[in-house]
Amino acid sequence: GTGVTIERDAKRYLLTNLHVVDPFNAADVTYGDRTFEALPVIGVDALTDIAVLGPLIGDDLPTPIPLGTVPDDVRGSRAYLVGYPGEPGGTNDRKPADLEATVSEGIVSRLRTLEEFGLHFLQTDATIAGGQSGGAMFGRNGDILGISGLSFADKFGLALSIDTVKESIERIMNGKGSPYANVPLKAGSGGAETGTAKMTDAPDAKVLILPRSDGDRTVTVTIADPKEVSVLIESLVSGDTLAQSSNADAIQAALDARSTTSAESSFADVIGAFDPMPPAVATVSDEISKRETAPGVFTVPVGQGDGVRVVLGRPLAQGQVKVDWSSTEPLVAVGQARPEQALDIGKIFEQVFSPYDDASDLLVDLTAGQEVELYARSPIGDLGLIVFGPGADPADPEAYFGGTVSGVVNLEDTDDGLYGVNARRRYKVKDTGKYRVRMYSNDSLTEIGRFSIVDCATPDACKDSGVVGELSASKPTPPGAGR
């Protein structure tokens with residue numbers, strides 16, 4: 001990622017995109033041949049995808065860039081994106097002084113506004129690439145027009161207007177930013193060698209983090225009662241799989257046998273929204289498979305400057321389960337119990353999702369004959385909904401396969417929102433009762449999500465799309481019937 005040096009109260013800070021540092025409490029920042037290691041994250045704003053790090057401490061600090069305003073006549077003017085796109089093969093083997101910023105030129109082709117969230121973007125045809133996130137869009141006079149980090153239709157770059165960015169900085173610096181996971185970047189910042197992971201239902205997964213350290217290590221992770229527990233251990237730096245439970249194929253086969261969609265549909269594909277869900281990898285290298293030295297025991301080498309992410313799942317679970325674990329190195333458990341609360345029709349629920357808390361349950365009372373519109377949206381995120389009718393069991397794995405189980409409705413992208421990935425549909429209620437609406441994020445990022453359900457009997461309350469489905473109670477399985 002890329003950052004911009006700013007000044008506030010005679011101190012210098014780094015401004016960047018939240019998704020560049022998410023979910024860690026610090027990041028390494030390189031200026032030329034100089035590196036500030038583990039620069040702390042001061043705060044974040046999930047609404048605008050902005051983070052502030054610092055303060056920078058020392059002599060001869062980088063010069064801050066003044067933050068101006070967007071001129072009224074900006075459309076059609078020249079724009080320059082400056083940042084550090086990723087190099088082929090990565091940058092780990094390159095000296096910091098050899099890394100050069102890339103400059104791409106274009107014009108400000110359009111202004112985009114998300115009125116509900118109060119966000120303003122400048123669209124440009126200047127090339128944007130991975131690693132550019134958090135960099136600046138400069139105007140013809142060298143003024144900062146915005147902070148880049150998004151693309152649109154795979155052809156255009158989007159920069160958050162500097163006027164919106166300044167509002168975000170004020171919230172962060174005044175302690176009014178968003179809740180944040182703050183996962184320790186370096187070892188020695190807490191953690192435990194034993195613990196219990198609690199999972200509420202089949203798609204729930206729990207994550208343990210081994211922060212990075214300055215030396216090579218070998219960590220052994222042990223899972224009690226490993227028969228139905230899926231384990232995935234990944235590198236924090238590269239994301240490569242370091243170890244995978246040998247029962248992955250058997251678990252996947254059992255899930256495929258339950259699937260009401262297709263024998264080829266994997267559990268991870270059908271409910272990919274619930275990330276991090278341990279994927280069932282069909283082929284595992286000999287080296288990786290040997291790292292499960294005994295059932296539920298994984299011994300993994302961890303290189304200097306790296307850490308690991310241990311993902312625990314129990315996708316065959318019927319109801320809430322607990323998994324006891326232990327480790328030879330302290331692990332940090334991330335993620336909380338899934339929130340659950342009642343919501344009245346016509347009210348708006350807002351949630352800040354994190355990479356490890358990516359779903360919320362809303363309980364709504366509905367009456368037969370009502371026509372209602374369900375609407376989940378995010379400024380730049382991808383949200384979805386699962387609706388469980390009265391009697392439907394959210395702990396039943398079969399409830400997540402394609403929405404074909406009675407009393408369960410899945411709702412995904414409906415061409416609404418900036419990227420067309422919001423979920424918005426109108427339904428008729430067949431059965432009176434309490435419905436559970438699960439809003440989830442597909443992105444594994446810290447982001448804002450909003451949900452509302454409105455009665456379409458109210459004039460102009462619903463989008464004019466007509467009824468597209470039915471919400472009903474679940475039909476319980478007869479006694480003795482097979483699954």
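1. Are Cys456 and Cys462 buried or exposed? Both Cys456 and Cys462 are buried, where buried means under 20% relative accessible area, exposed over 50%, and partly exposed in between (1.4 Å probe, protein chains only). The two residues form a disulfide with their sulfur atoms 2.0 Å apart, the term denoting a pair of cysteine sulfur atoms within 2.5 Å. The structure holds one disulfide. The link of Cys456 and Cys462 is left-handed, with -100° about the S-S bond.

2. On the basis of the note: this is a predicted model, in which local features need pLDDT of at least 70 and side-chain atom pairs count only at pLDDT 80 or more, while totals for chains, interfaces and linings use all residues. Residues are numbered from 1 along each chain as its sequence is written, and side-chain values use heavy atoms, with hydrogens and water left out.

3. On the overall fold: the secondary structure of the protein comprises five helices and 30 strands. Helices (H or I, at least four residues) and strands (E, at least two) are DSSP runs, numbered from the N terminus. Of contacts between residues at least 6 apart in sequence, 74% join residues at least 24 apart; a contact means heavy atoms within 4.5 Å.

4. On burial and surface: of the 483 residues in the protein, 51% are buried. The accessible surface comes to about 21800 Å², and carbon and sulfur atoms account for 46% of that surface. Accessible areas come from the Shrake-Rupley method with a 1.4 Å probe; for residues, only the protein chains shown count as cover.

5. On aromatic rings: one aromatic pair is found in a search of the whole structure. The ring centres of Tyr31 and Phe36 are 5.9 Å apart and the planes stand at 85°, so this pair is edge-to-face. Rings of Phe, Tyr and Trp (its six-membered ring) pair if their centres lie within 6.5 Å; planes under 30 degrees apart count as stacked, over 60 as edge-to-face and the rest as tilted. Tyr31 is partly exposed at a relative accessible area of 22%, whereas Phe36 is buried at 11%.

6. On a charge over a ring: the charged end of Arg424 sits over the ring of Tyr375, 4.1 Å from its centre. The criterion is NZ of Lys or CZ of Arg within 6 Å of the ring centre and within 35 degrees of the ring normal.

7. On salt bridges: the structure holds 24 of them, each being a side-chain nitrogen of Lys or Arg within 4 Å of a carboxyl oxygen of Asp or Glu. One of these joins Arg171 to Asp45, with the closest N and O atoms 2.6 Å apart. This pair links distant parts of the chain, 126 residues apart: Arg171 lies in helix α2 (residues 162–173) and Asp45 in strand β4 (residues 34–45). Arg171 is partly exposed, at 27% relative accessible area, while Asp45 is buried, at 4%.

8. Glu116 lies in the loop between β7 (102–114) and β8 (119–124), and Arg377 in strand β24 (residues 371–377), 261 residues apart. Glu116 is partly exposed, with a relative accessible area of 37%; Arg377 is buried, with 5%.

9. Lys206 counts as buried at 12% relative accessibility, and Asp204 is buried at 9%. Through shared partners, salt bridges join Asp201, Arg338, Glu340, Asp361, Arg436 and Arg438 into one network.
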